[in-house]
Amino acid sequence: MWCSAAVDVLFLLDGSHSVGKGSFERSKHFAITVCDALDISPQRVRVGVLQFSSAPHLEFPLDSFSTRQEVKAKIKRMVFKGGRTETGLALKYLLRTGFPGGRNGSVPQILILVTDGKSQGHVVLPAKQLKERGVTVFAVGVRFPRWEELHTLASEPREQHVLLAEQVEDATNGLLSTLSRSAICTTTSPDCRVRAHPCERKTLETVRELTGNALCWRGSRRTSAVLATLCPFYSWKRVFLTYPATCYRTTCPGPCDSQPCQNGGTCVPEGLDRYHCLCPLAFRGEANCAPKLSLECRIDVLFLLDSSTGATLEGFLRAKAFVKRFVQAVLSEDSRARVGVARYSKELLVAVPVGEYQDVPHLVRSLDDIPFSGGPTLTGSALWQAAKHGFGNTTRTGQHRPRRVVVLLTESRSQDEVAGPARHARARELLLLGVGSEDTRTELEEITGSPKHVMVYTDPQDLFNQIPELQGKLCSRPQPGCQAQSLDLVFMLDASASVGPENFAQMQSFVRSCALQFDVNPDVTQVGLVVYGSRVQTVFGLDTHPTRTAVLRAMSQAPYLGGAGSAGMALLHIYDKVMTVQRGARPGVPKAVVMLTSGRGAEDAAVPAQKLRNNGVSVLVVGVGPVLREALRRLAGPRDSLIHVATYSDLRYHQDQLIEWICGEVKWPVSLCKPSPCMNEGTCVLQHGSYRCECRDGWEGPHCENRALRGDAP
């Protein structure tokens, strides 16, 4: 800001003992900082300084110096006087003599009074008389000021004329902002604006506090006796007190305000409108530290930001910064993508409707205006509302409607149920993508329906590294699969010592990711899990868990067994005790076993695997290890049902291949009698598109499940 009008400015600095030498030096620093914005010359701005304590002392009149350098040098050489705080005497001196060296009121007069507001005389009347003569009074506090007195001294409106010199840059901004309203000062940029914002006034006061009662003795008028009684006992202490206020400050756009440097780059301003980015190694040489990205597809994207208490203010600001960097990196004038932003906690608020912005800078400014709300984390409710209202009331369908995507950013787990609202959103043809911390991975996988739709970051900086991955996911089209077809699926995990607990945990994570690809419920896909090592154990059967959430939780709790494992014994266990109608297998539904093993202990598995295949159960072998064992090749069967993975950490790269195999198996014809629905060694007979059970002697019922009743012996 720059003040170049004809105006007389007089600094009235408190040099009393209550202010102290340290605060007096800060008062001088404040005066020098203000002078940096003044066009000091005999025809323009004149500056004088008066120090007061027990009596006023003129340091130099307004007509002493004609340059800014001279004025600042003289202020620096001022010496602290000390004494009483006689503010009233200093004001009366000005009433009597006027502004020393001034232009007798022919130009605006500004008095900048810097004090702690603890005057030992009367100030109300002389301050009022000065203001009535047209003097504009700024009351600037130092140390811990008495704000009531400062408000009495200052001109109206008082919230614009009362400042705190301890915060030099802020106080200077406030003073010049007020002067700019009267055209005395102007901003260097037309985009600068004076805005009101909430602030606090702080002070230090001595208060009396009741600490208890103590025994004391008092005389009585009626008797000559001395009476013992309890008397209140008080202590005095100094406490910080704050008062809410409104401050008016000028804010100007800077080249780094929009955070143009992405992927952890640091923005370094170069003047008013230029900057350069210090980029991490991976992004050096790229403009703004960002790879050249663009959204070529026709798409509507709604960013859903967690604004709950669980997300914290820092997490919410981090999410906003992520969206700002993303749109700056991928949106251009010819982009066919449209973006919207909503925040949620207890309720969903669409802050920027999809596509309703002029350009990217306007979108970024709109993001800055979205406040943090706090409250409960109701992600399920937000998903339901986003599916209903997040993209407006458009009636376009099919080819006439862009692909619609919800990108959920959260760092806290939901306090309401998310599975139902997520299914509802996906049923409305919304693609759900999740970006979150490691703690939210499982919930985000459940919400999006696929681990491929989830991006997890390990630290705040890693969040911004997800921008290229998100860009790729937004425009990729999923391949049609078989997730909605009926299927009985059993995973069989090698939990023997040859695998080890760490690798077993990676197998668990892999099968959980695979299970997310299927609609788990009794009418569509049923999932079971068997582990083998020192023994064979059914972790849960096909009909144990009717929901995907329950299946995922149970998979996480699967035990590592250790010991020597036998894949053949495990496959026979599945044949006899898992893939049976008695244990939940459904007649006429495709059935598959996915076996994950290191290959050790698989020498006896070829015959049991073929036995399962002969009974209508497909078997896929996923062999892990640098060398593919011959025993696993024999397990593959006639359709070469084998996937070889070099290491356990590479399992995730073969998920698509596994899902493709399952989808291919469910297309094969299914026999209602394989596996046999008949119990107790009954025989299944196909007839007219259905089946019937021929029971052995002693058994009866549709599935030979009941013992036959016999009459009494003669």
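How far apart do the end C-alpha atoms of residues 669-705 lie, and how much of the span is helix or strand? The ends are 27 Å apart, and the span is 0% helix and 32% strand. Helices (H or I, at least four residues) and strands (E, at least two) are DSSP runs, numbered from the N terminus.

This is a predicted model, where local features need pLDDT of at least 70 and side-chain atom pairs count only at pLDDT 80 or more, while totals for chains, interfaces and linings use all residues. Residues are numbered from 1 along each chain as its sequence is written, and side-chain values use heavy atoms, with hydrogens and water left out.

**Annotated spans**
- The unreviewed UniProt entry carries the annotation "domain: EGF-like" for residues 253-290 and 669-705; such annotations may be inferred rather than shown by experiment.

**Nonpolar cores**
- A nonpolar core is a set of buried Ala, Val, Leu, Ile, Met, Phe, Trp, Tyr and Cys residues joined through side-chain atoms within 4.5 Å. Buried means under 20% relative accessible area, exposed over 50%, and partly exposed in between (1.4 Å probe, protein chains only).
- The largest nonpolar core has 41 residues, and Val594 and Leu658 touch the most other members.
- Elements that each supply at least two residues of this core include strand E19 (487-494), helix H14 (501-515), strand E22 (591-597) and helix H19 (655-665). H14 gives the most, with six residues.
- Leucine 658 touches Phe510, Cys514, Val594, Leu620, Val622 and Ile643, not counting residues up to four places away in sequence; contact here means heavy atoms within 4.5 Å.
- Another core, of 38 residues, lies apart from it, with Cys297, Ala321, Val327 and Leu331 among its members.

**Cis peptide bonds**
- Glutamate 156 and proline 157 are linked by a cis peptide bond with omega near -10 degrees. Proline 157 sits in the loop between helix H5 (147-153) and strand E7 (162-164).
- The bond joining lysine 674 and proline 675 is also cis, with omega about -10 degrees. You can find proline 675 in the loop between H19 and strand E25 (683-687).

- Threonine 312, in helix H7 (residues 312-330), has phi near 70 degrees. It counts as partly exposed because its relative accessibility is 33%.
- Cysteine 704 has phi near 60 degrees and lies in the loop between strand E27 (699-700) and strand E28 (706-707). Cysteine 704 has a relative accessible area of 0%, so it is buried.
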